[in-house]
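Here's a quick briefing to read alongside the model. Have the viewer open and follow the topics in turn.

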Amino acid sequence: MGSVWGHSIKVSLFGESHGAAIGCVIDGLPPGVTVDFAAVDAQMARRAPGRYRFSTPRRESDRYEVLSGLFHGCTTGAPLAVVIRNENTRSEDYCQDVLRPGHADYTAWVKFKGFADFRGGGHFSGRLTAPLVFAGAVVRQILGEQGIVLGSRILRIYDVEDEAMAAEEIPALPPDAFPVKSPGAKERMQRAIEAAGEAGDSVGGVAECVALNVPAGLGEPFFHSLESHLAALMFSVPAVKGVEFGDGFALAGMLGSRANDPMFWEDATGACTEAGAGAVKFDSNHNGGINGGIANGQPLVCRVAVKPTPSVRLVQKTVDIRRGESVETALQGRHDPCIVPRALPVLEAVMALGIYDLFVHSRKG
């Protein structure tokens, strides 16, 4: 069940990086949803390899074929199945015996007793995020009909950080493979990636993801909290090693009086009043739009730490698992010196899936 997720909807992934194809099945979509495939294509293009100079030179069109669940451009209510053919593999770059440091080679060997497809990382590969982006691109269209808008930006690459910006501004950033607020930070980030790549190394970073207009009340206490639901999905994305909501770990260094988000009552005219028709508003958003595991109506803010690409060309210590001896290796193949830019549409996709899953659950309740 390791490749199946969901409660109100189910998403299952299949395939390997160098196999014939990869894909997904989405079960639980309502019938009658008109799918905007131009919007799907735009999301798929953001993640696809070989599209800009900081990406792996592996070129894949990521053309998808819908096998079921769609008729005359609308969902039928049956499982929506999609397949994406692998077109540009170079399996000779990979060896099963010499384990790659930082990859899942050793844990896959132990768990699957040496039978896992190791080429290009097999089923553990970031290649499997392509069908995830497809699934997220479909459900975010349904969320859009409810006014829920998602977006992301690169907050940090290596030791270079972007300027602060309001969560509401992030979805409005111009479409770009490298979305940041500060042009200067963008240039320094790109120089850091280039320098690492030229040295045969890699860098990681932090992505900031937001969802606007998430209705207050979405989520459950404890085990199906909005935070735990989304964090499980974020950690399912390869290379993600940290997730925080709102100010996250910085809250540990604050006094409670500062960490709280003071509330006030705003009437229909936008004036702060003590009574009358209106709504609860907040002076700050240190908690990232969530209290007690439940959305409070503020922007949902999540930051995700993405580790450096483990595939580096520098000589590293490892083991030959069949011969049972220590060896050294310098990895070959085509790899991203930084995967943060291509991770953004994946993180938005899983955020959309998590919100939609809870949204459907809340309507059933």
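A salt bridge here is a side-chain nitrogen of Lys or Arg within 4 Å of a carboxyl oxygen of Asp or Glu. By that count, the structure holds 15 salt bridges. Keep in mind that this is a predicted model, where local features need pLDDT of at least 70, side-chain atom pairs count only at pLDDT 80 or more, and totals for chains, interfaces and linings use all residues. Residues are numbered from 1 along each chain as its sequence is written, and side-chain values use heavy atoms, with hydrogens and water left out.

**Salt bridges**

- E348 and R46 join through their side chains in a salt bridge, at 2.9 Å from N to O.
- E348 sits in helix 7 (residues 340-364) and R46 in helix 1 (residues 37-47), so the pair ties together parts that are 302 residues apart in sequence. (Helices are DSSP runs of H or I with at least four residues, strands are runs of E with at least two, and both are numbered from the N terminus.)
- E348 counts as buried at 3% relative accessibility, while R46 is partly exposed at 29%. (Buried means under 20% relative accessible area, exposed over 50%, and partly exposed in between, using a 1.4 Å probe and protein chains only.)
- E244 in strand 11 and R303 in strand 16 are 59 residues apart, yet they form a salt bridge with the closest N and O atoms 3.5 Å apart.
- Both E244 and R303 are buried.
- Shared partners join R153, D162, E208, E244 and R303 into one salt-bridge network.
- Within it, R153 and D162 have their closest N and O atoms 2.8 Å apart, and both residues are buried.

- Five strands make an open sheet in the order 9-8-10-16-11, with antiparallel pairing. (Two strands pair if DSSP finds at least two bridges between them.)
- Strand 9 (160-161) and strand 11 (240-245) are at the edges with a single partner strand each, so one side of each has no neighbour in the sheet.
- Strand 11 pairs with strand 16 (residues 300-306) in the antiparallel sense over five bridges, and V240 has V306 as its bridge partner.

**Helix 3**

- Helix 3 (residues 129-145) has 17 residues and reaches 25 Å from first C-alpha to last, close to the 24 Å expected at 1.5 Å a residue. (The expected span is 1.5 Å times one less than the number of residues.)
- Of its 17 residues, 15 are buried, so helix 3 is largely enclosed by the rest of the structure.
- Just after helix 3, G147 takes a positive phi of about 85°.
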